[in-house]
Amino acid sequence: MYDVVIVGGGPIGMRVAQQSAKAGYDTVVLEEHNIIGTPMQCAGLVSPRVVEMTGTKSWIKGAKKAAIHPPDGEPLVLNAEEHRAYILDRKKFDREMAEKAVKRGVKIKLGCRVTASYKDDIGRVISFKNQGNEREISGKVIVGADGPNSVIRRKTGFDGPAYIMAGLQALIGYETEEIHIYLGEDIAPGFFAWHMPHPEGTLVGLASDDGEGFRHLDKLLKKLGWDSKIISYYAGTIPLGRLKRTVDDGLMLVGDAACQVKPLSGGGLYTGLIAADICAQTIIESLEQDDTSSEFLKTYHKAWQAEIGSEISKGLWMRKIFKTLTDQQLNDLISTLNTPKVRKVLEEKGDIDFPSTLAKPVLKTAPKLLKFAGPFVKGLF
Ligand SMILES: Cc1cc2nc3c(=O)[nH]c(=O)nc-3n(C[C@H](O)[C@H](O)[C@H](O)COP(=O)(O)OP(=O)(O)OC[C@H]3O[C@@H](n4cnc5c(N)ncnc54)[C@H](O)[C@@H]3O)c2cc1C
């Protein structure tokens, strides 16, 4: 019987594990893969907050400049004075998070694929497969940090994401320095495409909601002239929505498993880390008071919703608006933003963790933009 069993050895599960072990609780992480950080499914773009919160050294580059390309027309080039984002070496970051956890006393069991969880008289039991053998482990608190397709979420009666986006990336053997975003029905319907630096070259990726990711990526790579430079592909999913419930008796969901993801960008590292800290704090208090009931653990659900729930809801609204825009409207939108005055607002106030905070100052500078929000405008404020 462990105090805390964490399912999933990604960065968010490791963040929770680091803190519960530091507080003296016997903590184990079960990870289905044999190597932490592999397979890599992320572009690694994060705000400076993530670097500060984790103290990570696993970043490749700080970014001040980004270009947003409309389907047709001049790109919107933003050039901030300070670093507005960092690009992480995601494999290295995951390993760094795991190493910190081990230093604090966390046990990590690799090659353990969790298949189910059920309650017994003294806690929760987790069933998993390891080298072909069926095994079980018990914990006073179980944390489902097992990513977008969370087994814990699916097998224990929680709701699932409202939308699932398919993300696809190609690693290209060609070095680039800048971040580029591409918009358009033909490029990434319902979302966007990107290319950005990676330690071994450049990552070109996109998410889309039409199930045609490979075809779109292929086209984009041809357009960029990089179709002969592909080293490897990475695929992953992005869960979007706002779950009504993320706890049960002795059970908590965190990170992508809890859909703690920014709906406009698909980024989940900042939001997941914020929730992980609240999750760990709640676990510590629940073990101190010997109360792991759903009633007690609800404080976690309420607290993470208070911290990031409103931004997630606003992001879902903005995504609804975004999805209604035709290519012509996207061209129009980017050209309306592409004035010195609006660019200055975007460069000074742009915040990839809280994009909704830009809505008011940008609309004040360019009221013409209101026409793009149409019937959704009320949801933004
Ligand atoms: C294409 C793409 C690009 C992205 N780019 C960015 C970005 O630039 N910036 C950003 O902030 N976010 C980005 N994200 C999102 C980001 O990757 C996630 O939000 C983040 O990884 C969430 O961390 P996590 O620890 O919750 O889940 P994960 O990182 O998914 O970790 C979950 C872990 O659980 C393990 N696991 C799963 N099932 C089981 C099981 N049954 N038993 C045991 N272990 C299991 C997995 O192997 C994995 O190690 C991107 C996602 C995709 C798909």
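This is a predicted model: local features need pLDDT of at least 70, side-chain atom pairs count only at pLDDT 80 or more; totals for chains, interfaces and linings use all residues.
**The surroundings of the ligand**

The ligand has 37 residues around it, of which Gly8, Gly10, Gly167, Gly255 and Gly268 come nearest. Both domain 1 (2-38 + 90-160 + 243-315) and domain 2 (163-240) contribute to this shell, each with at least three residues. In terms of secondary structure, at least two residues of the shell come from each of helix H1 (11-22), strand S3 (45-46), strand S9 (112-119), strand S12 (163-172), strand S16 (230-240) and helix H6 (269-288). The composition of the shell is 14 nonpolar, 18 polar and five charged residues.

**Helix packing**

Two of the helices that supply the shell, H1 and H6, also pack against each other, at an angle of about 30 degrees and with their axes 8 Å apart.

| Helix pair | Axis angle | Axis distance | Handedness of crossing |
|---|---|---|---|
| H1 and H3 | roughly 15 degrees | within 8 Å | left-handed |
| H1 and H6 | about 30 degrees | 8 Å | right-handed |
| H6 and H7 | about 155 degrees | 9 Å | right-handed |

For H1 and helix H3 (residues 90-103), the axes cross at roughly 15 degrees; the two helices are therefore roughly parallel to each other. Their contact brings Pro11, Met14, Arg15, Ala17, Gln18 and Ala21 in H1 together with Phe93, Asp94, Met97, Ala98, Lys100 and Ala101 in H3, and by class it holds eight nonpolar, one polar and three charged residues.

What is the relative direction of H1 and H6? Their angle is about 30 degrees, and angles under 35 degrees count as roughly parallel, so H1 and H6 are roughly parallel to each other. On the H1 side, Pro11, Ile12, Arg15, Val16, Gln19 and Ser20 meet Leu269, Gly272, Leu273, Ala276, Cys279, Ala280, Ile283 and Ile284 of H6; the residues of this contact are 10 nonpolar, three polar and one charged.

From H6, the residues Thr271, Ile274, Ala275, Ile278, Cys279, Thr282 and Ser286 take part, and from H7, Phe296, Leu297, Thr299, Tyr300, Ala303, Trp304, Glu307 and Ile308. By class, this contact consists of 10 nonpolar, four polar and one charged residues.

Two local backbone features remain to be described. The peptide bond that joins Thr38 and Pro39 is cis, with omega about 0 degrees, and Pro39 is found in the loop between strand S2 (27-30) and S3; S3 is in turn one of the strands that supply at least two residues of the shell around the ligand. Gln131, although it is not a glycine, has a positive phi of about 50 degrees, and this residue lies in the loop between strand S10 (124-130) and strand S11 (133-144).

Note on methods
Residues are numbered from 1 along each chain as its sequence is written. A residue is near a molecule or strand if its C-beta atom, placed from the backbone, lies within 6 Å of it. Helices (H or I, at least four residues) and strands (E, at least two) are DSSP runs, numbered from the N terminus. Ala, Val, Leu, Ile, Met, Phe, Trp, Tyr, Cys and Pro count as nonpolar, Asp, Glu, Lys and Arg as charged, and the others, Gly among them, as polar. Domain bounds come from an automatic or database domain assignment. Axes are lines fitted to C-alpha atoms, for helices over the stretch in contact, and angles run from 0 to 180 degrees between N-to-C directions. Angles under 35 degrees count as roughly parallel, over 145 as roughly antiparallel, 65 to 115 as roughly perpendicular and the rest as oblique. A crossing is left-handed if the near helix is turned anticlockwise from the far one by less than a right angle, and right-handed if clockwise. Two residues are in contact if their C-beta atoms, placed from the backbone, lie within 7 Å.
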